[in-house]
Amino acid sequence: MTNVLVVFATKHGSTQQVANTIVTALSRDDVTAQSRPAAQVPEPLRDWDLVILGGALYSGRWHRDAHRFLKRHRRELGTVPIAVFGMGPRTDDEAAWRHSRRQLDRALAKRAWLSPLAVTVFGGVDPPRRGDRVRRDLRDGDVIRRWAGSVLARVRGDRPPPEPA
Ligand SMILES: Cc1cc2nc3c(=O)[nH]c(=O)nc-3n(C[C@H](O)[C@H](O)[C@H](O)COP(=O)(O)O)c2cc1C
(Lines give C-alpha, C1' and ligand atoms only; values in the text may rest on other atoms or scores of the structure.)
Protein backbone atom coordinates (compact mmCIF):
# COMPACT_ATOMS: atom_id res chain seq x y z
CA MET A 1 0.00 0.00 0.00
CA THR A 2 1.25 3.49 -0.84
CA ASN A 3 -0.07 6.32 1.34
CA VAL A 4 -0.24 9.77 -0.20
CA LEU A 5 -1.06 12.99 1.65
CA VAL A 6 -2.11 15.93 -0.50
CA VAL A 7 -1.77 19.18 1.43
CA PHE A 8 -3.24 22.45 0.20
CA ALA A 9 -2.99 26.14 1.09
CA THR A 10 -5.90 28.09 -0.33
CA LYS A 11 -7.80 31.32 0.02
CA HIS A 12 -10.74 30.83 -2.33
CA GLY A 13 -10.85 27.07 -2.73
CA SER A 14 -9.46 26.36 -6.20
CA THR A 15 -6.25 24.86 -4.80
CA GLN A 16 -8.33 22.58 -2.60
CA GLN A 17 -10.25 21.42 -5.66
CA VAL A 18 -6.96 20.59 -7.40
CA ALA A 19 -5.88 18.65 -4.30
CA ASN A 20 -9.11 16.68 -4.50
CA THR A 21 -8.60 16.02 -8.20
CA ILE A 22 -5.21 14.55 -7.32
CA VAL A 23 -6.68 12.41 -4.54
CA THR A 24 -9.29 10.99 -6.90
CA ALA A 25 -6.71 10.42 -9.64
CA LEU A 26 -4.31 8.54 -7.39
CA SER A 27 -6.74 6.48 -5.31
CA ARG A 28 -6.87 2.82 -6.26
CA ASP A 29 -6.58 -0.60 -4.65
CA ASP A 30 -2.98 -0.25 -3.60
CA VAL A 31 -2.89 3.53 -3.06
CA THR A 32 -4.68 5.52 -0.40
CA ALA A 33 -4.72 9.28 -0.82
CA GLN A 34 -6.29 12.01 1.23
CA SER A 35 -6.22 15.79 1.18
CA ARG A 36 -5.82 18.09 4.16
CA PRO A 37 -5.48 21.86 4.69
CA ALA A 38 -1.83 22.77 5.29
CA ALA A 39 -2.69 24.39 8.62
CA GLN A 40 -4.26 21.16 9.86
CA VAL A 41 -1.43 18.67 9.67
CA PRO A 42 0.03 18.88 13.15
CA GLU A 43 1.19 15.29 13.40
CA PRO A 44 4.43 13.84 12.06
CA LEU A 45 4.57 12.82 8.43
CA ARG A 46 6.42 9.56 8.85
CA ASP A 47 3.42 7.37 7.96
CA TRP A 48 3.16 8.87 4.49
CA ASP A 49 5.07 7.57 1.48
CA LEU A 50 4.54 10.75 -0.49
CA VAL A 51 3.46 14.28 0.37
CA ILE A 52 2.15 16.59 -2.35
CA LEU A 53 2.01 20.23 -1.24
CA GLY A 54 0.07 22.79 -3.26
CA GLY A 55 -0.38 26.46 -2.53
CA ALA A 56 -1.90 29.46 -4.25
CA LEU A 57 0.31 32.37 -5.29
CA TYR A 58 -0.94 35.81 -4.32
CA SER A 59 0.87 39.00 -5.24
CA GLY A 60 4.10 37.14 -5.86
CA ARG A 61 4.01 35.14 -2.65
CA TRP A 62 3.20 31.54 -2.01
CA HIS A 63 0.38 31.07 0.49
CA ARG A 64 1.74 31.40 4.02
CA ASP A 65 0.20 28.10 5.15
CA ALA A 66 2.38 26.31 2.58
CA HIS A 67 5.48 28.03 3.98
CA ARG A 68 4.46 27.21 7.52
CA PHE A 69 3.86 23.59 6.61
CA LEU A 70 7.40 23.30 5.26
CA LYS A 71 8.85 24.97 8.33
CA ARG A 72 6.86 22.83 10.72
CA HIS A 73 7.79 19.56 9.05
CA ARG A 74 11.30 20.41 7.98
CA ARG A 75 12.97 17.55 9.78
CA GLU A 76 10.64 14.81 8.50
CA LEU A 77 10.75 16.15 4.98
CA GLY A 78 14.37 15.12 4.89
CA THR A 79 13.12 11.54 4.54
CA VAL A 80 9.55 11.72 3.18
CA PRO A 81 9.40 12.44 -0.57
CA ILE A 82 7.56 15.63 -1.44
CA ALA A 83 6.30 17.16 -4.67
CA VAL A 84 5.16 20.75 -4.91
CA PHE A 85 2.76 22.79 -7.01
CA GLY A 86 1.71 26.43 -7.16
CA MET A 87 -1.43 28.13 -8.53
CA GLY A 88 -1.54 29.98 -10.84
CA PRO A 89 -1.63 32.14 -13.89
CA ARG A 90 -5.01 33.21 -15.17
CA THR A 91 -3.92 34.33 -18.62
CA ASP A 92 -2.65 31.68 -20.95
CA ASP A 93 0.52 33.21 -22.27
CA GLU A 94 4.13 32.18 -21.89
CA ALA A 95 5.08 35.23 -19.87
CA ALA A 96 2.35 34.66 -17.28
CA TRP A 97 3.31 31.01 -16.80
CA ARG A 98 7.00 31.92 -16.55
CA HIS A 99 6.19 34.68 -14.08
CA SER A 100 4.25 32.34 -11.77
CA ARG A 101 6.95 29.69 -12.00
CA ARG A 102 9.58 32.24 -11.01
CA GLN A 103 7.48 33.26 -8.03
CA LEU A 104 7.18 29.65 -6.89
CA ASP A 105 10.89 29.02 -7.42
CA ARG A 106 11.67 32.10 -5.36
CA ALA A 107 9.44 30.86 -2.55
CA LEU A 108 11.13 27.46 -2.60
CA ALA A 109 14.59 29.00 -2.68
CA LYS A 110 13.93 30.11 0.91
CA ARG A 111 13.94 26.43 1.83
CA ALA A 112 17.34 25.47 0.50
CA TRP A 113 17.17 22.21 2.47
CA LEU A 114 14.16 21.06 0.47
CA SER A 115 14.63 18.89 -2.59
CA PRO A 116 11.23 18.16 -4.10
CA LEU A 117 10.77 15.26 -6.50
CA ALA A 118 8.82 17.55 -8.80
CA VAL A 119 7.75 21.18 -8.92
CA THR A 120 5.07 22.60 -11.17
CA VAL A 121 2.58 25.41 -11.65
CA PHE A 122 -1.06 24.76 -12.52
CA GLY A 123 -3.37 27.32 -14.06
CA GLY A 124 -5.37 29.42 -11.64
CA VAL A 125 -8.96 30.50 -11.21
CA ASP A 126 -10.42 33.96 -10.67
CA PRO A 127 -11.77 34.47 -7.16
CA PRO A 128 -15.55 34.49 -6.73
CA ARG A 129 -17.10 37.64 -8.16
CA ARG A 130 -20.29 39.48 -7.56
CA GLY A 131 -23.11 38.59 -9.90
CA ASP A 132 -22.60 36.01 -12.58
CA ARG A 133 -19.48 37.39 -14.23
CA VAL A 134 -17.53 34.63 -15.89
CA ARG A 135 -14.49 33.48 -13.95
CA ARG A 136 -11.35 32.53 -15.80
CA ASP A 137 -10.23 28.99 -15.02
CA LEU A 138 -6.96 27.75 -16.47
CA ARG A 139 -6.94 24.44 -14.63
CA ASP A 140 -6.51 21.42 -16.87
CA GLY A 141 -7.63 18.18 -15.23
CA ASP A 142 -5.63 16.00 -17.62
CA VAL A 143 -2.41 17.90 -16.91
CA ILE A 144 -3.04 17.70 -13.16
CA ARG A 145 -3.81 13.97 -13.23
CA ARG A 146 -0.82 13.19 -15.44
CA TRP A 147 1.56 15.13 -13.20
CA ALA A 148 0.24 13.43 -10.06
CA GLY A 149 0.50 10.02 -11.73
CA SER A 150 4.09 10.62 -12.77
CA VAL A 151 5.06 11.70 -9.25
CA LEU A 152 3.46 8.61 -7.76
CA ALA A 153 5.17 6.37 -10.30
CA ARG A 154 8.54 7.81 -9.32
CA VAL A 155 7.96 7.15 -5.65
CA ARG A 156 6.79 3.61 -6.29
CA GLY A 157 9.57 2.94 -8.74
CA ASP A 158 7.02 1.97 -11.39
CA ARG A 159 8.23 1.68 -14.91
CA PRO A 160 7.12 4.63 -17.02
CA PRO A 161 4.25 3.90 -19.42
CA PRO A 162 5.39 2.95 -22.93
CA GLU A 163 5.81 5.77 -25.40
CA PRO A 164 2.95 5.94 -27.89
CA ALA A 165 3.96 4.28 -31.18
C1 LIG B 1 -5.41 39.54 -5.78
C2 LIG B 1 -4.83 38.34 -6.49
C3 LIG B 1 -3.46 38.27 -6.67
C4 LIG B 1 -2.88 37.18 -7.34
N5 LIG B 1 -1.52 37.13 -7.52
C6 LIG B 1 -0.99 36.09 -8.19
C7 LIG B 1 0.43 36.02 -8.41
O8 LIG B 1 1.21 36.87 -7.98
N9 LIG B 1 0.92 34.96 -9.10
C10 LIG B 1 0.10 33.99 -9.59
O11 LIG B 1 0.58 33.05 -10.22
N12 LIG B 1 -1.25 34.00 -9.38
C13 LIG B 1 -1.78 35.02 -8.70
N14 LIG B 1 -3.14 35.06 -8.49
C15 LIG B 1 -3.96 33.97 -8.98
C16 LIG B 1 -4.28 32.95 -7.90
O17 LIG B 1 -3.14 32.20 -7.60
C18 LIG B 1 -5.38 32.04 -8.44
O19 LIG B 1 -6.55 32.81 -8.44
C20 LIG B 1 -5.56 30.77 -7.66
O21 LIG B 1 -6.38 29.88 -8.37
C22 LIG B 1 -6.13 31.07 -6.28
O23 LIG B 1 -6.16 29.91 -5.52
P24 LIG B 1 -7.24 29.68 -4.36
O25 LIG B 1 -8.61 29.70 -5.02
O26 LIG B 1 -6.90 28.30 -3.86
O27 LIG B 1 -7.08 30.74 -3.33
C28 LIG B 1 -3.72 36.14 -7.83
C29 LIG B 1 -5.11 36.22 -7.62
C30 LIG B 1 -5.66 37.29 -6.97
C31 LIG B 1 -7.15 37.36 -6.78
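This is a predicted model: local features need pLDDT of at least 70, side-chain atom pairs count only at pLDDT 80 or more; totals for chains, interfaces and linings use all residues.
Colleague: Which residues in α1 meet which in α4?
Modeller: Val18, Thr21, Ile22, Ala25 and Leu26 in α1 meet Gly141, Ile144, Arg145, Ala148, Gly149 and Leu152 in α4. Contact here is C-beta atoms, placed from the backbone, lying within 7 Å. Helices are DSSP runs (H or I, at least four residues), strands likewise (E, at least two), numbered from the N terminus.
Colleague: And by class, what is in that contact?
Modeller: The contact of α1 with α4 has seven nonpolar, three polar and one charged residues. Ala, Val, Leu, Ile, Met, Phe, Trp, Tyr, Cys and Pro count as nonpolar, Asp, Glu, Lys and Arg as charged, and the others, Gly among them, as polar.
Colleague: At what angle do the axes of α1 and α4 cross?
Modeller: Roughly 55 degrees, and the axes come within 9 Å. Axes are lines fitted to C-alpha atoms, for helices over the stretch in contact, with angles from 0 to 180 degrees between N-to-C directions. The two helices are therefore oblique to each other (under 35 degrees is roughly parallel, over 145 roughly antiparallel, 65 to 115 roughly perpendicular, the rest oblique).
Colleague: New topic: which residues come nearest the ligand?
Modeller: Thr10, Ser14, Thr15, Ala56 and Gly124, of the 20 residues around the ligand. A residue is near if its C-beta atom, placed from the backbone, lies within 6 Å.
Colleague: Which element gives the most to that shell?
Modeller: That is β3, with three residues.
Colleague: How many helices and strands does the protein have?
Modeller: Four helices and six strands, in the order β-α-β-β-β-α-β-α-β-α from the N terminus.

Definitions and conventions:
Residues are numbered from 1 along each chain as its sequence is written. Two residues are in contact if their C-beta atoms, placed from the backbone, lie within 7 Å.
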